[in-house]
Amino acid sequence: MAKMAAAVNIITTDGPAGRAGFAATAVCSVTDSPATLLICLNRTASVFDTVMQNAVVCVNVLSSEHEALSGLFGGKTPVDERFAAAEWEAGVTGAPVLKDALVSFDCRITEQCDIGTHRVLYCTVEGIHDGQDAEALLYYRRSYQRV
């Protein structure tokens, strides 16, 4: 799996269960009509219950300038510190949108299924924030790359 290059994303949520976010590369487009993304989330992740209870997420696609931010959201950094490291605004679902992401997809979780250790979330896009035009941040062979 380390040889599968993937875009780096920060997935965020906010709602009745609180605010949370995590870094993820297991994200892809499913269909454009209706616009739907797929996100894989480990069921033992600290954010799992919060994401499932809120039932909304924003997929923030990172630029090469966001490597440090990805590290914060991919580690054990407290939630408040993660969000304090960047500028956010609320999307139409209430999920946090990273202001300078390449693009952000504000979504509602509409279907899900469990596969092995993960839950696969199918997320219908309700809003798109087209951000900056910059190099993309990828993860390949356990390190960050820029394209």
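Contact here means heavy atoms within 4.5 Å. With that rule, start with the whole protein chain in view: residues 24 or more positions apart account for 63% of its contacts with a separation of 6 or more.

This is a predicted model, in which local features need pLDDT of at least 70 and side-chain atom pairs count only at pLDDT 80 or more, while totals for chains, interfaces and linings use all residues. Residues are numbered from 1 along each chain as its sequence is written, and side-chain values use heavy atoms, with hydrogens and water left out.

**The whole chain**

Switch to a cartoon view. The protein chain has three helices and 12 strands; these are DSSP runs, numbered from the N terminus, with helices (H or I) of at least four residues and strands (E) of at least two. Along the principal axes, the C-alpha atoms fill a box of roughly 35 × 35 × 30 Å.

Now colour by burial. Buried means under 20% relative accessible area, exposed over 50%, and partly exposed in between (1.4 Å probe, protein chains only). Of the 147 residues, 41% are buried.

**The aromatic rings**

Select Phe-73, Phe-83 and Trp-88, which ring pairs link into a cluster. Rings of Phe, Tyr and Trp (its six-membered ring) pair if their centres lie within 6.5 Å; planes under 30 degrees apart count as stacked, over 60 as edge-to-face and the rest as tilted. By this rule there are four aromatic pairs. In one of them, the ring centres of Phe-73 and Phe-83 are 5.2 Å apart and the planes stand at 85°, so this pair is edge-to-face. Phe-73 belongs to helix H2 (residues 67-74) and Phe-83 to helix H3 (residues 79-84), 10 residues apart. Both Phe-73 and Phe-83 are buried.

**Backbone details**

Most residues other than glycine have a negative phi, and most peptide bonds are trans. Go to Ser-33 and Pro-34, which are joined by a cis peptide bond with omega of about 0°. Pro-34 is in the loop between strand E4 (27-32) and strand E5 (35-42).

Next, select Arg-141, in the loop between strand E11 (137-140) and strand E12 (143-146). Arg-141 is not a glycine, yet its phi is positive, about 50°. Arg-142 is also in the loop between E11 and E12, and its phi is near 60°. Arg-142 is exposed, with a relative accessible area of 65%.

**Two loop residues**

Move to Ser-64, in the loop between strand E6 (56-61) and H2. Is Ser-64 buried or exposed? Ser-64 is buried, at a relative accessible area of 14%. Beyond its neighbours within four places in sequence, Ser-64 is in contact with Glu-135, Ala-136, Leu-137 and Arg-146.

Finish at Thr-117, in the loop between strand E9 (103-115) and strand E10 (118-130). Thr-117 is partly exposed, with a relative accessible area of 49%. Neighbours within four places aside, Thr-117 is in contact with Asn-42 and Arg-43. Draw a line from Thr-117 to Asn-42: they are 75 residues apart in sequence and 5.9 Å apart in space, C-alpha to C-alpha.
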